[in-house]
Amino acid sequence: MQFKELGLHPDILRAVQDAGYETPTPIQAQAIPHVLLGADVMGAAQTGTGKTAAFTLPILHRLMPFASSSVSPARHPVRALMLAPTRELADQIYQNVAQYAQHSPLRSAVVFGGVDMAPQTAALRAGVEVLIATPGRLLDHVQQKTLNLSQVSVLVLDEADRMLDMGFLPDLQRIVNLLPPERQSLLFSATFSPEIRKLAKTFLKDNPVTVEVARRNATAENVTQQVYLVDRPESKRGAVVRLIKRLKLQQVIVFTNTKIGASRLARELQKEGISADAIHGDKSQGERLITLERFKRGEVLVLVATDVAARGLDIAELPAVINYDVPYAAEDYVHRIGRTGRAGASGQAISVMSPVDERLMQDIEKLIGKKLVREKLPGLDMPPGADPLFFLPYEDDSSPAASSAKAAAPAQSPLLTGSAKRLVGAAVLLGGKPRLTGQ
Ligand code: AMP
């Protein structure tokens, strides 16, 4: 199928061409015709599948008859409301909407918390057809009477599962009560859990069209999943440093389960000479956006993130993600590894676990329906002061440390295990002399 065949307005098609998209992704091919017809749609798809365009393109098309070049705010009422759980996701949807609407007079704006309300208020007062918002800040604007939602004809709930996890249900209820009942509603979620089905029953018309794309991470052939077992939680930091350095990872998100853990790990990576920064909910919105931009530009190579902060980040062709902490919820594993191997690119998802993570790892294996081989990282009995890089889990001909260690390693190292191809033994420099260690 081609975009042309979908019958989208020429202004929108032009923006799609500018974006360089050749064919619609599966979620786009499935959802766009229904949204164009005005149906309520419940879509199971994650970030990375092209779902933003799947709802934005047909919504813009439906709004085109109302597009006006008048400067009067009254000619630009909010007609489409898109709700997202996090500031980053809201901002990302906004960037997409602005891009796809660039050749039309349709206006858009985004409002989210943590930043000054005044510029948002000014944008709302000037009038916008498409408003993207996080629920809390949207209600702040409603309270301040800077926003009128009485002409909204399309509602989008994006990442609805995450909105429920984050406790937004009461806010959603209040927002929906402010909208005309005669409207089109679209709900997107990573999965159709019983809670999501209940939410859909409340907010969508009966029997919405459901569209579902395979949970790409669970099935994707283009993401290599590796699990490295270390002896104890304290060994994880050294393992992550080695993985990043040995694999020469250039743009990688490292996931932690806590905000404190993210900050601490970013600091520790910096101490190891790795260009790293943390992104999590305790950072100000400004700080988070700056960090994200620097990461996208390649000025920061490692982004340490919590699940909430990373959710929905669209960073093209991320080569790898590392799970420093095994996530508590197996679903989060699927979301995390969905950050890599996007749009046909191959990706690497590496998890570092210690024996205490075994049960969580088994939950993940159950969810993805696949056994993950635990490869032991050698050289964990590292003496204090030893250079962790001298433990060489990978062959790396380009590194001088690698060649000297290889020269020192016997042909049949006791450490050559299942991953023998890559393992070349573990050596540690003691008193300047390489010495082989066993485990
Ligand atoms: P999303 O799932 O909406 O976050 O989109 C993920 C990425 O896919 C974004 O960078 C989009 O620009 C890109 N994208 C969306 N639709 C297409 C398409 N039809 N062809 C190629 N890339 C696309």
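Good morning. I begin with helix α6, residues 135-143, which lies across β2, β3 and β4 and runs at about 105° to β3. Please keep in mind that this is a predicted model.

Seven strands form an open sheet, in the order β3-β4-β2-β5-β6-β1-β7, and their pairing is parallel. Which strands stand at the edges? They are β3, residues 108-111, and β7, residues 209-212. Each has a single partner strand, so one side of each is left without a neighbour in the sheet. On average, neighbouring strands of this sheet are turned by 15° against each other, direction ignored.

Let us look at one pair within the sheet. Strand β2, residues 80-83, pairs with strand β5, residues 154-157, in the parallel sense over 4 bridges. A80, for instance, has V154 in β5 as its bridge partner.

I turn now to the nonpolar cores. The largest has 65 residues, and those that touch the most other members are L81, M82, A90, I132, A133, L157 and L187. Leaving aside residues up to four places away in sequence, M82 touches I93, V130, I132, V156 and D158. Another core, of 45 residues, lies apart from the largest one; among its members are V230, L265, V304 and A349.

A349 brings us to strand β13, where it is one of the buried residues.

Strand β8, residues 223-229, pairs with β13 over 7 bridges, and Y228 stands opposite V352. Strand β12, residues 320-323, is joined to β13 by 4 bridges, with N323 and S351 as bridge partners.

Finally, I would like to consider a residue in a loop. A67 is found between α3, residues 51-63, and β2. Is A67 buried, exposed or partly exposed? There are 17 other C-beta atoms within 10 Å, so A67 is partly exposed; a buried residue would need 20 or more, and an exposed one 12 or fewer. A67 touches S104, P105 and L106, again not counting residues up to four places away in sequence. The C-alpha atoms of A67 and R107 are separated by 8.5 Å, although these residues are 40 apart along the chain. Thank you for your attention.

Conventions:
Residues numbered from 1 in each chain as written. Predicted model: local features only at pLDDT ≥ 70, side-chain atom pairs only at ≥ 80, totals over all residues. Pairing = 2+ DSSP bridges. Helix = DSSP H or I, 4+ residues; strand = E, 2+ residues; numbered from the N terminus. Axes fitted to C-alpha atoms, helices over the stretch in contact; angles between N-to-C directions. Contact = placed C-beta atoms within 7 Å. Core = buried A, V, L, I, M, F, W, Y, C linked by C-beta atoms within 7 Å.
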